[in-house]
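Take a look at the structure below. We will walk through it one part at a time.

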Amino acid sequence: MTGIGEAVGRLLDGLGVDRALWTDGSMPSVTPLTGERLTMVRVADAATTDEALDKAGAAFRSWRHVPAPRRGELVRLWGEELRGAKDDLARLVTIEAGKIPSEGAGEVQEMIDICDFAVGLSRQLYGLTIATERPAHRMMEVWHPLGVIGVISAFNFPVAVWAWNAALALVCGNSVVWKPSEKTPLTALAVQAVFGRALARFGDAPDGLAQLLIGGREVGEALVDDNRVALLSATGSTRMGRSVAPRLAARFARAILELGGNNGAIVAPSADLDLALRGVAFGAMGTAGQRCTTTRRVFVHDSIYDGFVARLKAAYASVGVGNPLESEVLVGPLIDRAAFEAMEGALGAARAAGGVVYGGERVGDGASFYVQPALVEMPGQIGPVLEETFAPILYVMRYYDLDQVIELHNDVAAGLSSAIFTTDVREAERFLAASDCGIANVNLGTSGAEIGGAFGGEKETGGGRESGSDSWRQYMRRATNTINYSDALPLAQGVSFEL
Ligand code: NAD
């Protein structure tokens, strides 16, 4: 084993992950930091998946009867365990997903935050009492646990997305089965081990309450097609969503789809340009452009274009790119060769469409793929600008009129996150009213959401909402109950049916 391999071994041993699961398998685990293979991870076959779903069903039938605040106690313990394991998990996120340390730590913090949120929620799964038209009747809406929740997650948020789903699903009385990205199996094993500690302290949770199935697309497909999975929450590319959505619809299963984004920001003439520069730079270059909320398009008003874009180019030229374990950098590696090739392809297409490219060169060689983030001045919203390329490419365009640019901003297939930088309240409000995305910000970038809000997007982003606000309702089923406490039987709408 190499230096990183040994470090990973120590981390996994320290977190109590069963060695057989990550030394004795058939699926390679690769770090994007160096491109080297770290170990071979055990994958779930069809029989394991089938057994896991049976166990999850049994766990649900027991867990649903545990009072919700008591369910919250398990999630409270989980949050405590995550606090203790934060540094180790963050380091694994850096090694497996390539995030810089502060972003790795931020991702684990998101898990802790959603646990806190879910604990409070466990005492607030409120229903409604509704005015009824019939005398001596009471009508109410009551929320019940739903069933087995399947979670499919993407490589770029290898642990937070699982927690967003699991923390809510568990307090809502469900069991959970998770299929993480095949590119990040080790962080998944680590998180599962940390959850196991909380389970041990909790004491009497049913076996199979939260299970992990490591594997590729075929394991995800098994969850999609299985009637035992009541709700599937799938995070990943729009291509994945296109395959998953009709299959879920065919069996009338519930779906939360969190798919690709093509996020835009507008920099208006009145913007605080120092703030806008930092907001756009973090949004576009942070996580090496590998966030669903990464800023991919920026529209700059003609009157400030030259000065602002010159400053952006300077920021792009000076940003530190490299192995985040070895030096203080802001931009780590792309996940793999395919990501690099997609970036090269998009930059080629941009040039062919009249774009002028700054940056974008590969940094270093070998089996890892580091790139200088690319800024591309485009003559219009054409060609590759219309699509998400999961790499640090920022397309810059000039605009003259706010209404026109908002229309242009909305004129892409995805609808996840959006932003305007302005100090003009009228402009800000016009933008917020018109952006067709699930997230619309003023004077902050497109990326970096908090867990308190509902997270997700419209159009080809899939329409799902996860995390805060009332997202919990998707993990429950609602029943409308009407009780007649009179000795008459008045019918609704004045219908008469006298025998
Ligand atoms: P991906 O679509 O390649 O894979 C995501 C997950 O889906 C993996 O676990 C994969 O094994 C599984 N999968 C793929 N095809 C499947 C199928 N047909 N049936 C069942 N499961 C299948 O995505 P990725 O490269 O891991 O992640 C990057 C993409 O995810 C980007 O498009 C990004 O925008 C998106 N993403 C979206 C959000 C969001 O909240 N909207 C968050 C993170 C990432």
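E141 counts as buried, at 13% relative accessibility. The cut-off for buried is under 20%, so E141 falls on the buried side. Bear in mind as you read that this is a predicted model.

What does E141 pair with? R478 forms a salt bridge with E141, and their closest N and O atoms are 3.3 Å apart. R478 lies in strand β23 (residues 476–484) and E141 in strand β4 (residues 137–145), so the pair ties together parts that are 337 residues apart in sequence. R478 itself counts as partly exposed, at 47% relative accessibility.

Salt bridges can also share partners. One network made this way joins E73, R76, E80, E81, R197 and R201.

Now turn to E103. Its salt bridge is with R291, with 3.1 Å between the closest N and O atoms. E103 sits in helix α5 (residues 101–121), while R291 sits in the loop between α10 (273–285) and β11 (295–301), so this pair links parts 188 residues apart in sequence. Are these two residues buried or exposed? E103 is buried, at 8% relative accessibility. R291 is buried too, with a relative accessible area of 12%.

Compare that with R19 and D13. Their side chains meet in a salt bridge of 2.9 Å, N to O. Here R19 is partly exposed, at 42%. D13 is partly exposed as well, at 36%. How many salt bridges does a search of the whole structure find? The number is 30.

Step back to the whole chain. The chain has 14 helices and 23 strands. Its C-alpha trace spans about 80 × 60 × 35 Å along the principal axes. With 499 residues, a compact globule would have a radius of gyration near 23 Å, and the chain's 24 Å agrees with that. Of the 499 residues, 56% count as buried. Take the contacts with a separation of 6 or more: residues 24 or more positions apart account for 73% of them. The chain exposes about 20,300 Å², and carbon and sulfur atoms supply 52% of that area.

Next, look at how a helix can have a buried side. An α-helix has 3.6 residues a turn, so residues three or four places apart point the same way. Which residues of helix α14 (residues 425–434) are buried? They are E427, A428 and F431. These residues cover an arc of only 100° around the axis, which puts them on the same side of α14. The face turned away from that buried side carries the exposed residues V425, R426 and A433.

What covers the buried residues of α14? The cover includes β10 (263–267), α13 (402–410), β18 (417–421) and β19 (439–442). Look also at the start of α14. There, a side-chain oxygen of D424 reaches to within 2.8 Å of the backbone nitrogen of R426.

Helix α8 (residues 217–225) can be read in a similar way. Its buried residues include V219, G220, L223 and V224. Their arc is only 145° around the axis, which places them on the same side of α8. The buried residues of α8 pack against α3 (46–63), β5 (148–152), β6 (175–179), β8 (229–235) and α9 (238–250).

Now go to helix α13, where you will find H409. H409 counts as buried, at 1% relative accessibility. Its side chain makes a polar contact of 2.9 Å with the side chain of N410. Leave out residues up to four places away in sequence, and H409 touches G264, R297, F299, S418, F431, S435 and C437. F431 is one of the buried residues of α14.

Finish with L334. Where is this residue? It is in the loop between α11 (302–318) and α12 (337–352). L334 is buried, with a relative accessible area of 1%. L33 is 301 residues away along the chain, yet the C-alpha atoms of L334 and L33 are separated by 8.6 Å. Setting aside neighbours within four places in sequence, L334 is in contact with P32, A288, Q290, A339, F340, M343, F369, V371, F390, A391 and P392.

Note on methods. Residues numbered from 1 in each chain as written. Predicted model: local features only at pLDDT ≥ 70, side-chain atom pairs only at ≥ 80, totals over all residues. Heavy atoms only, no water. Salt bridge = Lys/Arg side-chain N within 4 Å of Asp/Glu carboxyl O. Buried < 20%, exposed > 50% of the residue type's maximum accessible area, 1.4 Å probe, protein only. Helix = DSSP H or I, 4+ residues; strand = E, 2+ residues; numbered from the N terminus. Arc of directions from axis to C-beta. Contact = heavy atoms within 4.5 Å. Polar contact = N/O pair within 3.5 Å; in protein donor to acceptor, adjacent residues only side chain to side chain. Rg over C-alpha atoms; globule rule 2.2 N^0.38 Å. Areas by Shrake-Rupley, 256 points an atom, 1.4 Å probe, with all protein chains shown as cover.
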